[in-house]
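Student: Hi, I've got a structure open and would like to talk it through. Can we go over it together?
Tutor: Happy to, let's bring it up.

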Amino acid sequence: MGSVNDLRWMDAALALASRGQGVTAPNPSVGCVIVGGGHVVGRGWTQPGGRPHAEAMALEEAGKAARGATAYVTLEPCAHESARGPACADLLIASGVARVVVALRDPDPRTDGKGIARLQGAGIEVATGTGEIVARRTIAGFFTRRLKGRPYVTLKLATSLDGCIALANGESRWITGPEARAHAHLERARHEAILVGRGTLERDSPQLDVRLPGLESRAPRRVLLSARTADGWHMISQPSAIATLVGVDHLLVEGGAMTAATFLRADLVDRLLLYRAPILLGGKPGIADLGLAGLNGAHGRWRLTDTRMLGSDRLEVYERASNRDSE
């Protein structure tokens, strides 16, 4: 899994990779740090639209300092040339780096193992697996699109302690505080598209933009789950149609209760973002009937991966349980 220093530098590469989430599809968002003499000489992350790649950006910054250095990359360097640029494995070889630490092997058949083999064939030491779990989360959409043919789906719910998203009269602004809402806007910026149902559109007229300084341009594409059209929205009539969303590897589902239930019943939710406010409403539930025949069907589906306080609200993040990932 790598030394303490390897983990330290890979963490830095993973932080860089997160900068490109939501703007690089269909390319993955990758981070690269080049370390020589115990300090960073180059850094890069996949740029909007997918180019330049992280390695190309980091090597350009490093220049001659890359010779004999170690490159930390969150995904196996690509081994195929493109009209948009040379293969990153070849760029690393030409730079003279002595060692490359790779978090994840690339599932793209054009590279899958070939990038690592090319580096090793050139006499470069390659280590794999350092930071693998976090790296997989960072490019979950890239993996899901290639392995399942659809975007990675996150369902976001902002509820009271008793699981309500509104009072009985429909009032819902605001259940959570400003810190939780700011975090939700950051999540929007990391997704290529955001989806709501017809009821949410007609009741709330949501803008679904990103209201964070410096990230206003990162507003995701708006998608509506409905059989009827609406101006300014991309329409899909059923959850399975998310597979047809071009250039979308990460989809955020925000509302409402029926839409949440529809995606859950279709088993298309990969991640849950639950923002819980310390209030009780006794109002409208956040999720409609899931059609479960018994409690056994509810257990074993989710695992907690993160929890934190955002002001007075608590965020809980859940991912699909590993025993269901292969279904």
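Student: Which residue stands opposite Leu 225 in strand 9?
Tutor: That's Gly 197. Keep in mind that this is a predicted model. Strand 8 (residues 193–197) and strand 9 (residues 221–225) pair in the parallel sense, over five bridges.

Student: What order do the strands have in the open sheet?
Tutor: The order is 10-9-8-11-6-12-15-14, eight strands with mixed pairing.

Student: And which strands stand at the edges?
Tutor: Strand 10 (234–236) and strand 14 (302–310). Each has a single partner strand, so one side of each lacks a neighbour in the sheet.

Student: By how many degrees are neighbouring strands turned against each other on average?
Tutor: By 25 degrees, with direction ignored.

Student: What does helix 7 touch when it packs on the sheet?
Tutor: Helix 7 (residues 178–189) touches strands 6, 8, 11, 12, 14 and 15. Its direction makes about 160 degrees with that of strand 12 (271–276).

Student: Switching topic: which residues touch the most other members of the largest nonpolar core?
Tutor: Met 10, Ile 34, Leu 92, Val 100 and Leu 119, out of 38 residues in that core. Helix 1 (residues 4–17) gives the largest share, five residues.

Student: What does Ile 34 touch?
Tutor: Leaving out residues up to four places away in sequence, its contacts include His 39, Val 41, Ala 58, Leu 59 and Ala 69.

Student: Which residues does the second core include?
Tutor: That separate core has 22 residues, among them Leu 245, Leu 268, Val 269 and Leu 225.

Student: Now the helices. At what angle do helix 2 and helix 3 cross?
Tutor: Roughly 20 degrees, and the axes come within 9 Å. The two helices are therefore roughly parallel to each other, and their crossing is left-handed.

Student: Which residues meet there?
Tutor: From helix 2 it's Glu 55, Ala 56 and Leu 59, and from helix 3 it's Cys 88, Leu 91, Leu 92 and Ser 95.

Student: Last one: in helix 6, which residues are buried?
Tutor: Helix 6 (residues 140–148) has Ala 140, Gly 141, Phe 142, Phe 143, Thr 144 and Arg 145 buried. These buried residues pack against helix 5 (132–138), strand 6 and strand 11.

Student: And what follows helix 6?
Tutor: Gly 149, with a positive phi near 75 degrees.

Conventions. Residues numbered from 1 in each chain as written. Predicted model: local features only at pLDDT ≥ 70, side-chain atom pairs only at ≥ 80, totals over all residues. Heavy atoms only, no water. Pairing = 2+ DSSP bridges. Helix = DSSP H or I, 4+ residues; strand = E, 2+ residues; numbered from the N terminus. Axes fitted to C-alpha atoms, helices over the stretch in contact; angles between N-to-C directions. Contact = heavy atoms within 4.5 Å. Core = buried A, V, L, I, M, F, W, Y, C linked by side-chain atoms within 4.5 Å. Buried < 20%, exposed > 50% of the residue type's maximum accessible area, 1.4 Å probe, protein only. Parallel < 35°, antiparallel > 145°, perpendicular 65-115°, else oblique. Left-handed = near helix turned anticlockwise from the far one by under 90°.
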